[in-house]
Amino acid sequence: MRELKDKKAVVVGLGRSGEAAARLLASRGAKVVVLDLKGEEELRPQMQALEALGIEVRPGGHHKEALKGADLLVLSPGVDPSLPLWQEARRQGTEVMGELELAARSISEPIIAVTGTNGKTTTTHLIGHLLREARRRVFVGGNIGSPVAEYLLGGERADFVVLEVSSFQLETISTFRPWVAVLLNVGEDHLDRHRSFGDYLRAKARIFENQAPEDWAVLNLDDPPVRGLLEASQIPSSTLPFSKEPLDRREGAFLQGEDALLRLGGIEERVSLRPFPLRGEHNVENALAALLVGRLCGLEPQEMEGALGSFRPLPHRLEFVGEVKGVTFWNDSKATNPSATLRALEAMEGPVVLIAGGRNKGLDLGPLRRAARKKVRAVVALGEAGPEVERAFQGLAPVMRAQGMEEAVRLAFENSSPGEAVLLSPACASFDMFRDYRERGKAFRSAVERLRDGG
């Protein structure tokens with residue numbers, strides 16, 4: 001990180017990453033101003049804590065006058081960097097970046113960065129789990145859990161820094177260079193922020209742009225947009241593909257029966273996936289990526305195989321909730337785009353009553369139709385996108401409307417039979433009815449528990 005003492009830094013957005021960025025900047029001697037759209041009443045506890053560190057907090061808007069004389073502008077991931085106010089700051093000579101870029105400039109340990117439309121949280125946690133089980137010191141954070149700046153503020157050093165990174169974070173990098181960059185898949189998502197799918201794909205691909213030949217790119221050969229990047233030779237680092245199909249003579253990882261075959265340095269090694277508890281072909285892909293990364297980090301196949309068996313599914317990601325009178329209930333609230341919902345449906349073994357809807361992110365829900373013929377017996381449409389969900393399944397499956405999660409679970413149960421499953425996999429964001437996907441998933445679990453208890 002460049003010398004920050006006595007420099008003026010403006011942080012926009014007081015979420016977890018913005019707060020961590022402000023604290024890091026202040027610890028390096030910068031004069032820090034934080035801007036946030038929320039009002040003073042809502043921000044008071046954070047304001048008091050930050051002001052005690054000498055950080056000025058200005059609530060209630062993005063105050064243009066606060067940018068005057070700023071040397072550095074740090075945008076939170078939820079802040080669109082293309083807005084005119086930030087573009088003007090750039091023209092005035094202010095350096096603009098995100099918290100990921102800010103913190104990564106001071107990290108000397110190997111960085112493993114994972115991105116993709118779906119599966120990046122599971123894969124990031126799985127990589128961290130493999131490393132911890134092998135007695136490596138590891139920090140896991142980024143777009144999940146702890147912001148990257150908290151690693152620097154914490155003081156303890158790790159052998160590897162494992163980060164989930166989003167397209168929003170990658171929009172504001174300039175020097176960010178992971179030693180290993182993982183791209184799992186790219187499907188339509190966040191088109192309410194990115195102007196087109198092409199823009200979204202380019203944002204994801206930025207994870208590779210500062211890599212060198214001695215770095216590694218781990219890519220999903222089965223995903224057409226990712227394969228297109230690989231075939232176009234747009235990646236400057238050494239590439240390691242993974243696939244559910246044989247790789248011929250190429251190095252990487254592929255599936256053979258119930259085993260993962262890892263081919264590195266001319267040596268082929270086998271890791272059984274039988275102990276891995278997560279269901280679905282998409283989680284096989286996640287495991288292949290994580291095993292490749294683990295091998296690059298020096299882990300032995302046998303220790304990774306043992307660690308696979310002790311990994312547990314993360315909440316709200318195809319999470320088994322319970323069974324009521326022979327009907328199983330699954331919480332996949334994290335599925336906030338159609339491709340994630342399709343993957344969840346593919347992982348289900350029998351007929352499904354699907355609960356879908358919420359706030360659409362500018363995405364076409366039409367692709368969900370192809371799952372209806374195979375798996376979806378009925379649909380409960382929820383939230384703002386209810387009419388779009390109805391149109392997606394029109395003529396293919398019965399669709400019912402629900403006003404809230406309690407009603408959605410009840411309707412789904414009443415229209416299911418023993419041996420079938422009720423799946424919450426919304427294909428939409430949660431912000432029309434819930435604070436986030438976690439609150440939505442908890443509401444689903446609570447509704448199932450009340451149903452089970454006869455309430």
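Which residues have the most contacts inside the largest nonpolar core? Keep that in mind as we go. One note first: this is a predicted model.

Here is the answer. L25, L163 and F176 have the most contacts inside that core, which has 57 residues. Its largest share comes from helix α1, residues 16-27, with 5 residues. In soluble globular proteins, nonpolar side chains tend to be buried together.

Now take L163 and look around it. Leave out its neighbours within four places in sequence. L163 is then in contact with L100, I111, I112, A113, V114, T124, F139, G141, G142, V148 and F176.

How many cavities of 30 Å³ or more does the structure hold? The count is 1. About 50 Å³ of space lies in the largest cavity. Its lining is S17, L75, P77, G98, E99, L100, Q169 and T172. By class, that is 3 nonpolar, 4 polar and 1 charged.

Last, the second largest pocket. About 490 Å³ of space lies in it. It is lined by 25 residues, and D223, S339, L342, R343 and R370 are the closest to its centre. Which helix gives the most to this lining? Helix α12 does, with 6 residues. Helices α10 (281-296) and α12 (338-347) each supply at least two. The lining has 7 nonpolar, 8 polar and 10 charged residues.

Definitions and conventions:
Residues numbered from 1 in each chain as written. Predicted model: local features only at pLDDT ≥ 70, side-chain atom pairs only at ≥ 80, totals over all residues. Heavy atoms only, no water. 1 Å grid on protein atoms, 1.4 Å probe; cavity = no way out; pocket = protein on both sides within 12 Å on 5 of 7 lines; lining within 4 Å. Points joined across faces, edges and corners; volume = space filled by probe spheres on them. Nonpolar A, V, L, I, M, F, W, Y, C, P; charged D, E, K, R; others polar. Helix = DSSP H or I, 4+ residues; strand = E, 2+ residues; numbered from the N terminus. Core = buried A, V, L, I, M, F, W, Y, C linked by side-chain atoms within 4.5 Å. Buried < 20%, exposed > 50% of the residue type's maximum accessible area, 1.4 Å probe, protein only. Contact = heavy atoms within 4.5 Å.
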